[in-house]
Amino acid sequence: MQRGTLLREGRYRSIRDMLDRLSRLKPDAPILQELNEKEEKVTWTARALKEEVMCLGEGLLAAGLQGAHIAIVSGNCCRYILADLCVSNGVGVVTPIDANAPADLLALLLNKCDATALFCDPVTLPKVRSVREACPSLKTLILLSGQAEDVLTYDELLEKGRSVGENGPYHTMTPDPDAPAKILFTSGTTGINKGVVLTGANLTANMNNCQDVVEAWEDHNVSMSVLPMHHSAEINTHIMTRIGCGRLTCICPDVRRMMPSLKIFQPSTITVVPMIAQAFYKSIWAGARKNGKAEKLAKGIRLANLLRKFGFEISHKLFPEVFAPFGGHLKMIICGGAMVNPVVVKGMADLGIRIENGYGITECGPLISMNADPRKEHLSVGKPCPNLETRIDQPDENGVGELCVRGRNVSSGYYKDPEATALVFDPDGWFHTGDMARIAADGRIFLMGRLKNTIVLSNGKNVNPEELENLIETRLEYVDECVVYPARLEKGDQEFIVAGLYISDESRRADRSAVAADVAALNATLSSYKRLEYVELPATDYPKNAMRKILRKGLPTVISEGALEIV
């Protein structure tokens with residue numbers, strides 16, 4: 001299929017326009033796929049996808065849910081995507097919520113988004129029922145699969161919608177593109193969750209932007225979805241872009257089943273967070289060393305890089321044992337959610353797996369930029385999407401300041417939170433991302449770290465912890481997780497730079513003098529004000545959110561007695 005087939009009528013004007021065009025022009029194209037209870041593949045074609053979305057819409061309207069705020073609290077599945085598409089394109093406002101949220105947080109978020117109905121799966125149903133009394137507006141529960149007492153089911157709504165037919169109100173309506181369509185809660189890694197309001201126009205603009213910068217149009221392109229669907233990067237950017245390109249996306253129910261699912265679906269593309277990409281890279285080299293093949297792998301990489309200069313790509317033939325755990329066909333990893341270690345980007349490219357480093361934020365739909373050519377340059381997050389404007393607010397002498405973004409994909413604010421909205425959305429339409437960055441002369445964006453994570457020293461110097469974390473991950477391969485933060489001694493007020501290093505290998509963790517020596521050697525390469533002064537060695541890994549980001553909120557403010565002092 002050529003790109004022009006689906007876009008011959010111009011760029012998509014709405015998500016409905018995309019579904020209509022896809023079902024007309026490529027009705028039999030496989031679009032979504034998942035495994036049923038018997039581990040058999042179940043596929044939705046373009047025609048089946050649109051028909052089910054439309055019938056579900058009619059069923060929801062017949063159930064009296066026109067204009068309702070409807071949450072989704074479920075594990076990843078194809079029906080999650082269909083419910084999201086249906087509600088956000090004419091029924092009301094959809095709010096995906098983390099299925100793993102504890103009950104008290106779930107109740108808080110349901111009340112904040114004014115949810116009157118909710119889709120859930122059999123696993124999350126008991127927790128949803130437990131919070132109903134704390135959510136007085138929540139009247140209707142809809143079970144995505146199976147049956148239960150006192151709840152509607154997806155199948156019942158679908159059957160009702162089919163009986164209404166193509167002349168029903170959902171089929172014939174034209175949704176207002178500027179009306180709220182989705183509320184997405186920010187991750188709350190350092191503060192309270194805020195509800196980002198996205199309109200139909202925002203969602204469409206984000207999809208169009210993604211199609212401009214992500215290589216999803218090529219033939220025989222199969223992707224696998226593994227990230228939680230309540231996050232904007234997964235449905236809005238990954239899945240919606242691929243649907244709009246008429247490409248197949250296979251759904252992995254959760255990250256715990258990622259490796260076996262890779263072998264079943266054999267994708268060429270997967271979207272993950274940097275922590276997972278780094279784990280892939282480390283496991284490849286750990287396996288090579290364990291099997292005594294590290295030198296052979298290094299020689300193979302040198303040969304592959306030489307042949308690439310002449311236009312030959314032989315990685316999959318040269319390293320079959322490397323690709324086998326990933327299904328044998330993996331060519332591209334799209335990363336988002338945080339900065340990617342440049343060593344990992346280059347190392348995976350040497351192995352024949354390109355990492356496209358996307359940068360985005362929920363308030364922007366979320367995609368802002370994409371580095372789609374990491375072989376040439378892997379330190380930036382690429383240039384902004386063609387229809388976005390960017391600028392640096394209050395740049396310092398090095399051109400580093402807060403990145404601001406403006407465009408059709410950018411939200412207009414937070415749900416029922418004018419104070420928070422006024423802090424980051426200015427009257428001219430610029431959104432202040434909270435990310436420190438510089439913009440090169442050719443437009444490439446170089447991230448320097450989160451503004452709110454910046455460590456301000458007593459001498460006025462600023463330290464970006466993400467920069468130090470990348471260095472640690474690069475130099476200390478035995479470190480599984482690291483987080484850099486400020487903390488003080490128990491009897492003192494001065495703050496010091498602390499590195500929390502989680503090392504799963506107990507013998508490595510126990511060799512404290514070796515860890516201290518390695519950190520001291522790393523310090524010798526840094527400016528004096530950036531040097532790590534204490535190291536904590538926790539016995540367990542750090543708490544994380546659903547996108548596998550370490551929760552900085554709650555990190556120690558006092559250095560423990562057992563911390564290593566680096567001299």
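These entries record what I looked up on the sheet and the nonpolar cores of this predicted model.

**Basis.** I number residues from 1 along each chain as its sequence is written. In this predicted model local features need pLDDT of at least 70 and side-chain atom pairs count only at pLDDT 80 or more, totals for chains, interfaces and linings use all residues, and side-chain values use heavy atoms, with hydrogens and water left out.

**Sheet.** I traced an open sheet of nine strands with mixed pairing, in the order β2-β1-β11-β10-β12-β13-β14-β15-β16. Its edge strands, β2 (41-45) and β16 (383-384), each pair on one side only. Helices (H or I, at least four residues) and strands (E, at least two) are DSSP runs numbered from the N terminus; two strands pair if DSSP finds at least two bridges between them.

I then looked up β1 (residues 30-35), which pairs with β11 (residues 248-251) in the parallel sense over two bridges. Leu32 has Thr249 in β11 as its bridge partner.

**Helix on the sheet.** I found helix α3 (residues 46-62) packed on the sheet, touching β1 and β2, with its direction at about 80 degrees to that of β2. Contact means heavy atoms within 4.5 Å; axes are lines fitted to C-alpha atoms, for helices over the stretch in contact, and angles run from 0 to 180 degrees between N-to-C directions.

**Cores.** A nonpolar core is a set of buried Ala, Val, Leu, Ile, Met, Phe, Trp, Tyr and Cys residues joined through side-chain atoms within 4.5 Å, where buried means under 20% relative accessible area (1.4 Å probe, protein chains only). The largest has 50 residues, and Leu60, Ile81, Phe119 and Ile243 have the most contacts inside it. Helix α4 (residues 78-91) gives the largest share of this core, nine residues.
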